[in-house]
Amino acid sequence: MGLFGPTPPPRVTPEEFKNKVVSQLYVHGFSQKERNEVEELFAGDMYEDKEVDIGIDAGELARKIEWLKTNMDKHILSEEKIAALEAVFRQYM
């Protein structure tokens with residue numbers, strides 16, 4: 001528990017996303033188009049109004065990964081890329 005309330009869950013901040021996650025996606029073979037799609041997918045959760053909610057936490061990541069897996073016809077990521085995406089995010093949480 002934090003000094004002024006519950007401690008927020010670990011999350012990937014917008015800065016970590018730009019400086020670490022995106023470069024790791026490149027290392028894992030994500031094309032520019034795929035990296036752009038990932039950024040668009042997470043933009044709503046990444047830039048929330050409350051400072052304590054800014055970034056991607058484990059729950060938000062799990063929901064997005066589940067959506068990607070159950071909606072393969074609505075995006076360009078393969079199952080292998082989805083697994084790599086999840087691993088990269090978890091590395092920085």
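Predicted model: local features only at pLDDT ≥ 70, side-chain atom pairs only at ≥ 80, totals over all residues.
When residues up to four places away in sequence are not counted, K81 touches H28, G29, F30 and E34. Leaving aside its neighbours within four places in sequence, E34 is in contact with G29, I76, L77 and K81.

Of its 93 residues, 33% count as buried. Among contacts between residues at least 6 apart in sequence, 63% join residues at least 24 apart.

Two packed helices are described by the angle between their axes and the distance between the axes. For helix α1 (residues 14-27) and α2, the angle is about 155 degrees and the axes are 12 Å apart; because angles over 145 degrees count as roughly antiparallel, α1 and α2 are assigned to that class. The crossing in which α1 passes α2 is right-handed. On the α1 side the contact is made by P14, F17, V22, L25 and Y26, and on the α2 side by R35, V38, E39 and M46. By residue class, this contact between α1 and α2 comprises 7 nonpolar and 2 charged residues, with no polar ones.

In soluble globular proteins, nonpolar side chains tend to be buried together. In the present model the largest nonpolar core has 19 residues, and those with the most contacts inside it are V21, V38, L85 and F89. The elements that give two or more residues to this core are α1, α2, α3 (58-70) and α4 (79-91), and the greatest contribution is that of α4, with 5 residues.

V38 links the two descriptions, being one of the α2 residues in the contact with α1 and also one of the residues with the most contacts inside the core. Not counting residues up to four places away in sequence, V38 touches F17, L25, F30, L77 and L85.

Notes
Residues numbered from 1 in each chain as written. Heavy atoms only, no water. Contact = heavy atoms within 4.5 Å. Axes fitted to C-alpha atoms, helices over the stretch in contact; angles between N-to-C directions. Helix = DSSP H or I, 4+ residues; strand = E, 2+ residues; numbered from the N terminus. Parallel < 35°, antiparallel > 145°, perpendicular 65-115°, else oblique. Left-handed = near helix turned anticlockwise from the far one by under 90°. Nonpolar A, V, L, I, M, F, W, Y, C, P; charged D, E, K, R; others polar. Core = buried A, V, L, I, M, F, W, Y, C linked by side-chain atoms within 4.5 Å. Buried < 20%, exposed > 50% of the residue type's maximum accessible area, 1.4 Å probe, protein only.
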